[in-house]
Amino acid sequence: MNAVPETRSRCLIVGGGPAGMMTGFLLARAGVDVVVLEKHVDFNRDFRGDTIHPSTLELLHELGLLEEFLQLPHEEVREIRGIFNGHPVPIADFSRLPTHCKVIAFMPQWDFLDFLSRHAMKFPSFTLHMQHEVIDLLFENDQVEGVRAKTPEGERRFLADLVIGADGRHAITHTKAGFQLREFGVPIDVLWMRISKRENDPPQSLGFFRHGQLLVLLDRGDYFQVGFVIPKDSLEGLKQSGLTALHQGIVALGPFLKDRIAELDDWNKIKLLTVQINRLRKWCREGLLCIGDSAHAMSPAGGVGINLALQDAVATANLLAAKLRKGPVSLADLELVQKRREWPTRLIQAMQAFIHRNVVTGHESKSGDSLPIFLRLFEWFPALRSLPARFIGIGPRPEHIHSPAAE
Ligand SMILES: Cc1cc2nc3c(=O)[nH]c(=O)nc-3n(C[C@H](O)[C@H](O)[C@H](O)COP(=O)(O)OP(=O)(O)OC[C@H]3O[C@@H](n4cnc5c(N)ncnc54)[C@H](O)[C@@H]3O)c2cc1C
């Protein structure tokens, strides 16, 4: 017998990442009774990207929250440059985007999620439970009717008319639902670590690329969150070569880090993040819809996964909020979300695969210090920089807020 009673809601969201928090916020704003379960104790985790795209800033404008959001500490980047084989190349110029904010805002993702949750909690129909880890789906016949979660008070059942799986790349929801996943091979993984920041360090950029290798530095105030791309499954070999070899690899891409690279004096300070690109064949079944990385895991290439997850959230609310306010939704309703969001996902994943093949392989290539021709085009024809700006900053098929606000 359960010590803790069951709860029932119209919609239950598994995962408080960008997809889950935005969906929860929008459904609660529409007056839908919604519960979000997040397994961690807070949003303070290192592994997330820190990019808030012009399209997301536009959504905040549509929601009347932009001014307040921009009061939070952040850095605004109007043009993104990559350092390719030592040459700074302007890749994306956001200044001509048809959005109110023509910048990418760099902000620790936990600040963004805190902001969304603070505003969501103003709606009486919103509930967020931290430290609630979903461990199974509950079925009634063939329909998903809720989840089982580990909570600080013990195991608990949450019933709902609709469960939304927004639980990221290693989703329990899509696994337990038996969804088929199509994997697209990725040749890289990422080592993730911290290195202190000093005055006069170079400004935020897309990263330092050299001969197929990539170093990404996210500015987190007094330190850099550092991503160093390595060939897939090569960590054990790297460990055998020793920390000095890793130091040399990092400093070869970012020479200004030489004076502090020794801070990485233990492999415990270095985390491996496995990179995947995959997509569910079906994103839904009766009672369950998967969105964000749970439906389509994204590589960090291009820094577009967060944007895509948020766009899924907006589409989900646009298509389902009004119906959910009245009652349960049908499988056909859920299929509309996949239908709307699948082709933008395919397009972006194809772009990421292109970057893996042509720019970042993780392997030190034998090519010289010259720039690939397609990168030279950005130097020669500045107008071309609007294309990546649109792709990164807005993405294909941008969503706008059409879900209702409860009176
Ligand atoms: C190394 C790396 C760097 C990246 N950098 C960037 C970047 O700079 N910019 C960018 O746009 N994209 C980046 N991405 C991609 C981006 O992180 C994802 O596409 C994006 O976070 C997807 O959002 P989401 O809400 O779908 O999933 P997630 O952000 O993964 O959120 C899922 C949430 O669900 C919770 N959860 C998981 N399982 C359970 C459970 N069983 N019960 C309860 N809660 C659960 C998790 O704790 C998490 O909070 C990067 C990816 C990688 C691998």
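Author: The following account treats the domains, the contact between them, and then some side-chain pairs. The model is a predicted one, in which local features need pLDDT of at least 70 and side-chain atom pairs count only at pLDDT 80 or more, while totals for chains, interfaces and linings use all residues. Residues are numbered from 1 along each chain as its sequence is written, and side-chain values use heavy atoms, with hydrogens and water left out.

Domain 1 comprises residues 7–75, 105–183, 276–357 and 385–393, and domain 2 comprises 188–231 and 233–274; such bounds come from an automatic or database domain assignment. Over C-alpha atoms, the centres of domain 1 and domain 2 are 30 Å apart. Domain 1 and domain 2 each give 13 residues to the contact, where contact means heavy atoms within 4.5 Å.

The size of an interface is often given as the accessible area lost when the parts come together. Here domain 1 and domain 2 bury about 1100 Å² between them, with 50% of this on carbon and sulfur atoms; buried area is the accessible area (1.4 Å probe) that two parts lose on being put together, summed over both.

Between domain 1 and domain 2 there is one salt bridge, a term for a side-chain nitrogen of Lys or Arg within 4 Å of a carboxyl oxygen of Asp or Glu. Asp 50 and Arg 220 form a salt bridge, with 2.5 Å between their closest N and O atoms. On the side of domain 1 that touches domain 2 there are five nonpolar, three polar and five charged residues. In this scheme Ala, Val, Leu, Ile, Met, Phe, Trp, Tyr, Cys and Pro are nonpolar, Asp, Glu, Lys and Arg are charged, and the others, Gly among them, are polar.

By the salt-bridge rule, the count comes to 22. One of these joins Arg 10 to Asp 161, at 2.8 Å from N to O. This pair links distant parts of the chain, 151 residues apart: Arg 10 is in strand 1 (residues 7–14) and Asp 161 in strand 11 (residues 154–165). Strands (E, at least two residues) are DSSP runs, numbered from the N terminus.

Technical notes
Helix = DSSP H or I, 4+ residues; strand = E, 2+ residues; numbered from the N terminus.
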